[in-house]
Amino acid sequence: MICAWQEIEVGGEIPRLVKPPIDTTQLVRYAGASGDFNRIHFDQDFAREGGFPTVIAVGMLSAGFLGQMLVAWAGPAAVTKIAVRFKAVTFPGDVVTCRGVVTAKREDAGQRLVDLKIWCEKQDGAVTVEGTATVVVA
């Protein structure tokens with residue numbers, strides 16, 4: 001869980017979340033859970049017709065991993081905002097590492113807030129998703 005307010009430093013990194021390699025079963029399960037049945041995420045031939053070497057992961061899967069990282073650090077009730085944009089494709093076999101750095105500490109309306117830069121990167125260092133988040137610190 002989150003460390004004490006006084007221990008959080010601007011520029012400090014929060015604990016990373018490293019996910020196991022993405023696999024196609026996970027992609028099919030995510031499609032079912034999210035309702036995103038774009039064939040590019042589970043149909044190899046369709047993905048190849050689109051110019052990819054294989055199927056690609058849904059971007060929101062990695063965004064969900066970022067949410068998982070934040071909840072592990074701050075708790076489920078603490079996360080108040082997540083905004084992301086997608087930058088690169090994630091393929092089966094890729095290992096996704098979620099990272100976050102504190103960009104600000106502030107108080108607003110009696111709440112202690114921590115703003116973060118968050119991102120996912122693959123094993124080769126390519127950033128696939130980046131964004132910002134805000135959490136409340138008790």
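1. Leucine 116 is in contact (heavy atoms within 4.5 Å) with Ile14, Leu70, Trp73, Val101, Val102, Thr103, Gly131, Thr132, Ala133 and Val135, when residues up to four places away in sequence are not counted. The model is a predicted one, in which local features need pLDDT of at least 70 and side-chain atom pairs count only at pLDDT 80 or more, while totals for chains, interfaces and linings use all residues. Residues are numbered from 1 along each chain as its sequence is written, and side-chain values use heavy atoms, with hydrogens and water left out.

2. The largest nonpolar core has 31 residues, of which Met69, Trp73, Cys98, Val114 and Leu116 touch the most other members. At least two residues of this core come from each of α3 (59–74), β3 (97–108), β4 (111–121) and β5 (127–137). Helix α3 gives the most, with seven residues. Such a core is a set of buried Ala, Val, Leu, Ile, Met, Phe, Trp, Tyr and Cys residues joined through side-chain atoms within 4.5 Å; buried means under 20% relative accessible area, exposed over 50%, and partly exposed in between (1.4 Å probe, protein chains only). Helices (H or I, at least four residues) and strands (E, at least two) are DSSP runs, numbered from the N terminus.

3. Serine 62 belongs to helix α3 and is buried, at 4% relative accessibility. With residues up to four places away in sequence not counted, serine 62 touches Thr90, Val96, Cys120 and Val129. Its C-alpha atom is separated by 9.7 Å from that of lysine 19, 43 residues apart along the chain.

4. Threonine 97, in strand β3, is likewise buried, with a relative accessible area of 14%. Leaving aside neighbours within four places in sequence, threonine 97 is in contact with Arg16, Leu17, Val18, Trp119, Cys120 and Glu121.

5. Alanine 109 lies in the loop between β3 and β4 and is exposed, at 76% relative accessibility. Although alanine 109 is not a glycine, it has a positive phi of about 55°.

6. Phenylalanine 37 is found in the loop between α1 (24–34) and α2 (44–49). Phenylalanine 37 counts as exposed because its relative accessible area is 54%, the threshold for that class being over 50%.

7. On confidence, the mean pLDDT (the predictor's confidence in each residue, from 0 to 100) of the protein is 94, and 99% of its residues reach 70 or more. Confidence is lowest in α1, at a mean of 91, and highest in strand β1 (residues 17–18), at 98.
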